[in-house]
Amino acid sequence: MKITRRRLTTLPLAGAAAALLLAGCASEGGSGVQSEKLAMISGRGKLICGVDGKLPGFSFVGPDGTYRGLDVDVCRALAAAVLGDAAKLEFRDLNSSERFAALSSGEIDVLSRNTTTTLSRDASGGNGLSFAPTVFYDGQGVMAPVNSGVRSLKDLAGKPICVETGTTTELNLADRMRELNVAYTPLKFQTGDQTYAAYLGGRCAAVTSDRSQLAGKRTNFPDPAAHALLPDVLSKEPLAPATVNADPAWADAVRWVTYALMQAEELGITKANVAERVAAARANTNQADLRRFLGVEGEFGKQLGLPADFVVKAVAAVGNYGEIFERNVGSGSPLKLERGLNRQWSQGGLLYSPPFR
Amino acid sequence: MEVSPSPSDSDLARTRPQPSWWSSMLSPLQSLSTNRRALPWLVQGGVGLLLLLMIAFLLANLVRNLSATGLLLTWRWLGQPAGFDVSESLLPFSPDLPYWRALLVGLVNTLRAVIVGLIGSTLLGTLVGMASFSSNALLRRLVRLYVEINRNIPLLLQLVFWYFVVFLALPNGSAALQLPGVVLAKSGLYLAGAAAHGWQLPTLVNGVWQAPLRLSVEFAALLTGLIVHISAFIAEVVRGGIASVPRGQWEAASSLGLHWWATLRRIILPQALRVIVPGLNSQYINLAKGTSLAVAVGYTDLYSVAETTLNQTGRAIEVYLILLSAYLIIDLGISAVMNGLNRLVQLRER
């Protein structure tokens with residue numbers, strides 16, 4: 001009898017465990033007018049944001065133990081817009097191969113991790129993501145030691161090149177080298193740390209990634225001046241925050257909070273003067289555009305499922321796009337990147353927020 | 001399942017006829033419920049049915065949710081061009097070949113690591129295991145040290161150590177480590193071998209080593225890490241096997257004038273094998289599973305290719321099904337071979 005009884009108790013237990021596991025997946029499907037994700041975030045009281053965590057300029061932990069970077073500031077703006085407090089935020093460090101699984105499984109609410117917008121990542125038949133506006137227009141570059149004599153892609157014939165697996169750079173490298181008909185050896189690593197360790201260990205003649213990432217990582221090298229970016233730009237890499245396709249309302253909220261940061265720069269609203277501008281807009285009923293943008297009138301916030309003053313909260317937390325750029329990757333940072341394509345459209349760049357109307 | 005021959009008091013109480021009217025209606029059921037042979041089967045059947053229903057419900061749920069998100073299983077992507085390159089391959093490969101070819105390249109690379117690793121760790125492990133019975137005290141101590149260090153440090157850590165600390169610290173070009181027929185450089189491990197014009201040694205051509213046989217440092221680091229780690233476990237299995245042979249066998253052999261090596265090889269090991277083989281099985285499986293850590297040292301194994309594939313296609317479930325079944329088949333294959341071997345070395349009843 002003993003054996004039978006034990007079997008009787010373990011069978012339903014195993015079944016129940018399996019049921020619990022799959023029941024979690026069951027509640028994810030379906031989408032109504034209201035966003036499940038937004039409701040979940042409000043209920044939880046904090047936003048969970050997927051970042052790289054080890055990339056200077058974009059997302060890394062500073063000497064004081066706090067996260068900083070351009071991608072991080074986008075997360076902060078979102079937390080401020082949705083929950084009214086930029087501190088109600090939790091970061092998850094993800095490597096390039098983990099990131100999409102973490103997003104589609106619902107482990108993170110939004111992915112703000114220097115991710116390139118591509119067709120197959122966007123399409124429902126592909127990764128099924130929904131991309132917010134590009135927050136950094138980048139291009140793939142190649143970095144090699146200055147004294148190695150490598151000056152262009154052709155010099156890399158027959159040599160090993162370090163690349164992070166699961167990235168668009170891996171594919172672009174294969175494409176460009178095929179076009180040039182140059183044989184090479186791709187050495188793939190799972191994390192950026194391993195990739196750059198192998199490069200610095202001298203295993204690879206060059207390392208390839210987004211140009212901003214190369215510049216960022218180089219600041220951590222023992223001797224940054226010994227490494228130079230080749231002039232070749234291998235691809236377009238528009239980096240953008242991403243959410244899942246299944247929740248369009250949440251994707252809209254992320255999209256328009258991102259736009260708001262760009263629009264704020266266009267309107268000259270900064271972290272320092274946002275309170276002042278709100279007061280001015282309250283006082284002056286003729287500034288209809290500004291009043292709508294700052295949530296003094298109209299119901300933009302309500303339409304997105306966000307508080308009326310979400311723009312004010314976001315800008316007050318991290319400043320406008322220009323401030324975020326300069327602080328993290330521009331003149332105020334060790335990376336010292338040019339604004340380049342990331343200027344406002346009115347100054348010859350590609351940043352163009354659609355009207356808040 | 002034992003059936004108690006004599007019913008206990010409580011059973012008698014239950015079977016005692018009751019005066020109420022419904023007891024007669026329930027009597028067939030009641031007699032069934034008191035039947036000690038049928039009851040367990042009934043309960044088991046019920047639970048089994050419940051389990052089947054639950055599985056059916058979960059599967060239906062999975063299919064419904066997957067189709068809602070457009071992720072229902074499909075294998076068409078396997079025929080699409082992969083678009084990525086691999087660093088080393090025994091089969092010809094280029095980015096315009098389909099995904100299944102890329103996965104095959106990864107599988108072959110994994111099998112290569114498994115097979116070479118099995119041979120290497122068995123040889124090294126057996127030697128180390130035998131050395132722990134050496135009459136030389138220094139050798140015995142060294143062997144203990146080797147085993148304790150290697151089996152108590154995680155495999156991943158060892159792989160990363162061998163790759164980043166040891167192999168990437170090797171010099172390149174003319175400064176490379178040169179042994180007769182073997183050159184160890186940062187760019188790879190070059191071995192002498194048969195070439196078109198007979199036996200050929202590694203040669204330095206324009207600062208780049210050329211040899212008939214070249215292993216990448218990634219492969220070399222993976223193999224070194226796996227062999228060193230698993231051989232420590234195998235050494236323990238071998239030691240246990242040898243220790244299981246009665247002392248009398250050693251004494252009998254030495255009284256016949258056989259020296260240590262001959263005793264071990266001719267008398268002890270054949271008897272120890274039947275204890276060693278089952279233990280080896282699980283170590284071999286550990287080694288096969290351990291190859292999936294290759295991704296940490298940049299070696300293009302099945303897992304590494306599958307991960308790239310997963311990222312490019314987004315077909316998580318399909319890719320993982322392929323991965324799971326590939327490792328399962330490799331491990332079951334190893335098990336089957338080892339079980340066959342086990343039957344061969346077991347004592348036969350006469």
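Reader: Hi! What is the mean pLDDT of chain B?

Author: The mean is 86, and 89% of the residues of chain B reach 70 or more; pLDDT is the predictor's confidence in each residue, from 0 to 100. This is a predicted model, where local features need pLDDT of at least 70 and side-chain atom pairs count only at pLDDT 80 or more, while totals for chains, interfaces and linings use all residues. Residues are numbered from 1 along each chain as its sequence is written, with chains lettered from A and ligands numbered from 1 in the order in which they are written.

Reader: And what are the ipTM and pTM?

Author: The model has ipTM 0.71 and pTM 0.73.

Reader: Switching topic: how is chain A divided?

Author: Into domain 1 (36–135 + 240–347) and domain 2 (139–236), with bounds from an automatic or database domain assignment. Their centres, taken over C-alpha atoms, are separated by 30 Å.

Reader: How many residues of each domain are in contact?

Author: In chain A, 15 residues of domain 1 contact 17 residues of domain 2; contact puts C-beta atoms, placed from the backbone, within 7 Å.

Reader: Back to chain B: at what angle do α7 and α9 cross?

Author: Helix α7 (residues 217–243) of chain B and helix α9 (residues 260–290) of chain B cross at roughly 155°, and their axes come within 8 Å. Axes are lines fitted to C-alpha atoms, for helices over the stretch in contact, and angles run from 0 to 180 degrees between N-to-C directions. Helices are DSSP runs (H or I, at least four residues), numbered from the N terminus.

Reader: Roughly parallel or antiparallel, then?

Author: α7(B) and α9(B) are roughly antiparallel to each other, a label for angles over 145 degrees.

Definitions and conventions
Helices (H or I, at least four residues) and strands (E, at least two) are DSSP runs, numbered from the N terminus. Angles under 35 degrees count as roughly parallel, over 145 as roughly antiparallel, 65 to 115 as roughly perpendicular and the rest as oblique. Two residues are in contact if their C-beta atoms, placed from the backbone, lie within 7 Å.
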